[in-house]
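Thank you all for making the time this morning. I would like to walk through one model with you, slowly, and I ask that you keep the display in view while I speak.

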Amino acid sequence: MSIKLLDKRPFNPDECYPWKGMRRCALTKSGTVFKYHNKDNTNLWEDGTKVDWLDYEKSGLNCMVEIPKFYFKKVGFNENDTDFENGHAWYISSIPDDGFELHPAFMRCRDKLCDDPTGEVKKVEYRYAPAFLGSFINGNLRSLPNKNPKVEITISQSRDYAKANGNGWSILDYNLYFAIQLLYSIEYGDYDSQTALGRGYVDGNLETGKINTGGTLQYGNHSYGETTGKKQMSYRGIEDFWGNCAYWMDGFFRGYNNILISNKGFNNTGSGYKNFGVIGTFVGYIRNIQINKNCGFIPSKNNKSDPGNLYDYGVFTCSGFAIGGGCWCHKDNSGVFQFDINGGASSMNDTTASVSF
């Protein structure tokens, strides 16, 4: 299936949902919003008073990005083109319009721990993405600024630290990752995210390695990027969606070349996950993506040397879990669509995790 973009349509995402509703907030362990941050500076609350980050941490709050629920569809450019041979287009709606389905990120189990398969999945009004890469504090995975992300941790350890926050908490799950990718791609109309938004912290950083979270506090809910590869990027408040540290994703498992996805009962084998079909083995820049809309931007074909189409890198060489984002030295391989399957349950790599709700 080829990848093609529609001509850019003039619209202001700041005036349209769900983009209009994306904002950093302080989320309690029970999943309720304590307060919203100032839209222009996360060091302030919405009313302009200063945030006490030490008290924030002691109170068990996580700094998250609230994303309102949305509906989506994927269509071919030619009528009845279900194989998308001539390209495709993505659409988002804030209401359940004709042909639109609720994005799977907004079907969530919040009455059980994230690895409990007995919970009931229900529609939720909001998802909460991590504003910052994860820090590990007193046995909990947290989203806080001014912290040094912990790397070399397994997905099992990450999951345990995330669920220590309580029911409904997990590490960043694949469906939410896909939702953020879709929001970016429709807003920017450009698959080269490192050019359209920013390089991220990805270039020539071998001596310093990873850096502390919070480099984008002063930009609030606004997206930020630059061209040197020395500063962190933010997409509408989601810092380091690419760059700084690569991160584990849960709810996705490549088993025996099959795409297995779930939104509850996360585990190390893909047990109980829904099978979305076969995926090949390859390494290189992502060229084409899977036909099934629920597979989002998961690759179906690559090109080892040509960074065209999705511009970002994919590694599918074994069974295992998904890693996104790219780290401090991944250069052009990083970006909003970077997607690796190169680690099992005992793998650590230089990988961290981020918490979500």
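This is a predicted model: local features need pLDDT of at least 70, side-chain atom pairs count only at pLDDT 80 or more; totals for chains, interfaces and linings use all residues.

Residues are numbered from 1 along each chain as its sequence is written, and side-chain values use heavy atoms, with hydrogens and water left out.

Helices (H or I, at least four residues) and strands (E, at least two) are DSSP runs, numbered from the N terminus, and two strands are said to pair if DSSP finds at least two bridges between them.

Let me start with strand E1, residues 23–27, where four of the five residues are buried, buried meaning under 20% relative accessible area, exposed over 50%, and partly exposed in between, with a 1.4 Å probe and protein chains only. E1 is joined to E3 by five bridges, and the two run antiparallel; E1 is also joined to strand E2, residues 33–36, by three bridges, again antiparallel. Cys25 has Met64 as its bridge partner in E3 and stands opposite Tyr36 in E2. In the hairpin of E1 and E2 there are five residues between the strands, and Gly31 takes a positive phi near 90 degrees.

E3 also pairs with E9, in the antiparallel sense and over five bridges, and here Pro68 stands opposite Tyr126. Strand E9, residues 126–130, is mostly covered, with four of its five residues buried.

Now to the lysine: where does Lys69 lie? Its place is in the loop between strand E3 (62–68) and E4. Lys69 is described as buried because its relative accessible area is 17%. Its side chain makes a polar contact with the side chain of Glu125, at 2.8 Å; such a contact is a pair of N or O atoms within 3.5 Å, where within protein one must be able to donate a hydrogen and the other to accept it, and residues adjacent in sequence count only if both atoms are side-chain atoms.

Two bridges join E4, residues 71–76, to E6, and Phe72 stands opposite Glu101 in E6.
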